[in-house]
Amino acid sequence: MHLCARAYQASTAPRVTARARARTSRGALVALLAGAVLLTGCGAGGQADRASRGDGAHRAEHGQPAPVPPDGGGGAAEGDGEGGREGEQKSDVERDFAPSADYLSTFALDVDTASYGYAKRALAEGRLPDPAAVRPEEFVNSFRQDYPRPQGNGFTVAMDGARIANQEEKGGRGGEDWSLLRVGLATRSSDRTAERPPAALTFVVDVSGSMAEPGRLDLVRECLGILTDQLREDDSIALVTFSGEAETRLPMTRLGGRRDRVHQIIDDLEPGDSTNVGAGVGTGYDVAVEGHRKGANNRVVLLSDALANTGDTDADAILERIDTSRREYGITLFGVGVGSDYGDQLMERLTNRGDGHTTYVSTVAQARKVFVDQLPAHVDLRARDAKAQVAFDPQTVQEFRLIGYENREVADEDFRDDRVDGGEVGPGHTVTALYAVRLRAGASGHIATTTVRWLDPRTRAPHEATGSLEAAALNRDLWSTETALRLRVSAAAAYFAQALRGVETPGAPRLGELAERSGGLARATEDASVRQLAKSIGQAATLVAQ
């Protein structure tokens, strides 16, 4: 992997919210709740696959490329401990690089995985997922990566890629002259033995009629009871339920000596009638604000199938009610989706607008992977308002397409405007963005530079880190055994998502071939999640062929 990274402190700007964020087994769901309520999320606006050409096919009016940092590169940001890598120098081409707005791609970071989780369940039940609910970045970010980690807060930036062979003769999409470029960002993992701050958790539980289905409210009820026994004495819990209306069952209450009362309230939860998500979320935030604890992890946790059918059913209308409290108190919204029928788009928009994160759980393996196997101690932020900007070199790049991130678009000119929200990213996370890139004939030297910008979670001082890629890094064939395994896994996940939503992608194999390649990757990685990917692709191929 070609890696050139540096971090430095950047200029600041006053902060306001200038745009919307881009956005089961009992034991497994308990683990999910115990860990996930302390996760942080991300968000921003809305972006389609972007194609940039010299003719101005994609253009921002005032886009500015990320310049060389004031220290000339290599200087570590204060408190980050992550400077330029010893022995690596930027080429003269890259050092003087200043592309036009046509060659910039800017987005807020995203760590959601719910889209992939729900797609797996749909396929396992013998149906294709709704194309509108398929978000490629959430497929790709569901898989482990091998990026280097920084020493402090913030990110490392890694870039690599491979040449896409022509697939037309195999019935796939032509990939001649195209390459796949991967941008990889990673935060430092947490110390598992570190003491976490207390938690102030407001659970907003859907008790509508649809939650009566086995595996929904009954599972949530019992798991909340077990979770109550696992939390510390200095943690606090509030509980709001909603069906046609919302009801506060328990105001913010410290658990010490009150667990029996909490258990009784949880045991009394019963399904009702309609689903007024707006009332539930609004009341939940009212309770969370009233019980806000300074220095604690304040979270609203929405447990629902998100099938809103009464009251405010639009995310913008729902979030309008809580916007002031959300910004003033910094309370994040974590969404846990359940059920075979699931309102994915509403849940995703709610958590994006609510500075949050969402996941979907239908099996023990999914919950264990996300919140047990990968749970270090999701109590601290590593970065606030994180954004990435990729600047492509017009001398070597003819065209590029970002795969996914439609709901995370940030205007190029807003990259360094810290009043514009980005994504909140916690410990141990990786974020991957894939681009299909068409190089110019005979291209050599610098291809692209990625800059990631974030605010320090404690001081809110802005920092940046960069990475770059040269054309020589794209010489290998994508499916060659010499190409990084995790790059190939990322490609398989992205091509799978694109196929499910019916989007043509250069070099993408047909589903049958993609299933075979994924099976080979599963054997090479010995990774159960990659085996599941191959299985899901095979299920989709069968359904498409019917």
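Contact means that heavy atoms lie within 4.5 Å. The model described here is predicted: local features need pLDDT of at least 70, side-chain atom pairs count only at pLDDT 80 or more, and totals for chains, interfaces and linings use all residues. Residues are numbered from 1 along each chain as its sequence is written, and side-chain values use heavy atoms, with hydrogens and water left out.

Helices (H or I, at least four residues) and strands (E, at least two) are DSSP runs, numbered from the N terminus. Two strands pair if DSSP finds at least two bridges between them. Four strands form an open sheet in the order β3-β4-β14-β12. Their pairing is antiparallel. The edge strands, β3 (156-163) and β12 (397-402), each pair on one side only. From one strand to the next, the twist averages 25°. Axes are lines fitted to C-alpha atoms, for helices over the stretch in contact, and angles run from 0 to 180 degrees between N-to-C directions. In general, strands of a sheet pair through backbone hydrogen bonds, either parallel or antiparallel.

Five bridges join β12 to β14 (residues 430-439) in the antiparallel sense. Leucine 402 stands opposite tyrosine 435 in β14.

Helix α12 (residues 485-500) lies across β3, β4 (178-186) and β14. The helix runs at about 105° to β4. Alanine 494 sits in helix α12. Alanine 494 has a relative accessible area of 1% and is therefore buried (under 20% relative accessible area; exposed is over 50%, partly exposed in between; 1.4 Å probe, protein chains only). Leaving aside neighbours within four places in sequence, alanine 494 is in contact with Val140, Ile403 and Leu434. Arginine 135 is 359 residues from alanine 494 along the chain, yet their C-alpha atoms are separated by 9.1 Å.
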